[in-house]
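Here is a friendly briefing to read alongside the model. Please take a look at the sequence and the 3D view, then follow the topics below.

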Amino acid sequence: MNTRIIFKYFVSLLIIMVTSVSPAFAQKNKGKSRSEMRKEMREFHLKFLAQEIDLKEDQQKAFFDTYKAMMDERGKVFHETRNLEKRLKDGKASEQEYESVTNALTSAKEKDAAIEKKYDDKLGKILSPKQLYQLKEAEKKWRAKMQQMRFTHRHDRKKANR
């Protein structure tokens with residue numbers, strides 16, 4: 001059996017296990033700090049993407065470094081946006097504050113698109129056009145799996161609290 005197929009099978013099995021046992025996963029990781037868990041997820045994310053786009057060994061370092069830099073930039077924009085949204089959570093914001101945050105959210109989307117374009121150009125020097133396309137598809141797949149995992153975790157937590 002081809003090692004790529006075995007690795008794909010292993011990653012798929014791992015994703016299924018993580019999504020199906022998310023409460024146990026959360027319980028097991030209670031002793032870990034949020035930053036440790038985030039670091040582990042980031043590494044798993046990178047390995048997942050590398051496997052999905054059939055990344056060659058000689059491409060890995062450049063891809064990982066570039067992709068991490070992109071994630072950091074996008075994360076900063078996301079963090080700033082979340083902080084703005086949190087200010088509105090109490091429902092006591094003025095119309096001017098809502099307008100300001102709405103404009104900032106639109107601006108954040110524009111910044112995110114610019115970051116993505118900038119890194120598409122950089123990643124295009126590391127990856128083939130096919131791999132760059134596969135990366136976009138793998139990112140969608142990753143987000144869907146993470147959304148499913150969060151939903152399952154929330155659902156299981158609600159059931160446990162009943």
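**Lead**

Phenylalanine 44 and tryptophan 142 are both buried, where buried means under 20% relative accessible area, exposed over 50% and partly exposed in between, with a 1.4 Å probe and protein chains only. This is a predicted model, in which local features need pLDDT of at least 70 and side-chain atom pairs count only at pLDDT 80 or more, while totals for chains, interfaces and linings use all residues. Residues are numbered from 1 along each chain as its sequence is written, and side-chain values use heavy atoms, with hydrogens and water left out.

**The chain as a whole**

- The protein chain has six helices and zero strands; helices (H or I, at least four residues) and strands (E, at least two) are DSSP runs, numbered from the N terminus.
- Of the 162 residues in the protein chain, 25% are buried.
- Among contacts between residues at least 6 apart in sequence, 75% join residues at least 24 apart; contact means heavy atoms within 4.5 Å.

**Aromatic pairs**

- A search of the whole structure turns up four aromatic pairs. Rings of Phe, Tyr and Trp (its six-membered ring) pair if their centres lie within 6.5 Å, and planes under 30 degrees apart count as stacked, over 60 as edge-to-face and the rest as tilted.
- One of these pairs joins phenylalanine 44 and tryptophan 142, tilted at 50° between the planes and 5.7 Å centre to centre. It links distant parts of the chain, with phenylalanine 44 in helix α3 (residues 34–52) and tryptophan 142 in helix α6 (residues 129–161), 98 residues apart.
- Phenylalanine 48 and tryptophan 142 have ring centres 5.4 Å apart and planes at 45°, so this pair is tilted. Here too distant parts of the chain are linked, since phenylalanine 48 lies in helix α3 and tryptophan 142 in helix α6, 94 residues apart.
- Phenylalanine 48 counts as buried at 1% relative accessibility, and tryptophan 142 is buried with a relative accessible area of 8%.
- Together, Phe44, Phe48 and Trp142 are linked into a cluster by ring pairs.

**The nonpolar core**

- The largest nonpolar core has 23 residues, and Leu49, Phe63, Tyr67, Leu123, Leu127 and Leu135 have the most contacts inside it. Such a core is a set of buried Ala, Val, Leu, Ile, Met, Phe, Trp, Tyr and Cys residues joined through side-chain atoms within 4.5 Å.
- Two or more residues come from each of α3, α4 (57–87), α5 (95–123) and α6, with α6 giving the most, six residues.
- Leaving aside neighbours within four places in sequence, tyrosine 67 is in contact with His45, Leu46, Leu49, Leu123, Leu135 and Glu139.

**How α3 meets α4**

- The α3 and α4 helices pack at an angle of about 125°, with their axes 11 Å apart. Axes are lines fitted to C-alpha atoms, for helices over the stretch in contact, and angles run from 0 to 180 degrees between N-to-C directions.
- That angle makes α3 oblique to α4; under 35 degrees counts as roughly parallel, over 145 as roughly antiparallel, 65 to 115 as roughly perpendicular and the rest as oblique.
- Among the residues that meet are Leu46 and Leu49 in α3, and Phe63 and Tyr67 in α4.

- Glutamine 59 lies in helix α4 and counts as buried at 13% relative accessibility. Apart from neighbours within four places in sequence, glutamine 59 is in contact with Asp54, Ile126, Leu127 and Gln131.
- Alanine 62, also in helix α4, counts as partly exposed at 34% relative accessibility.
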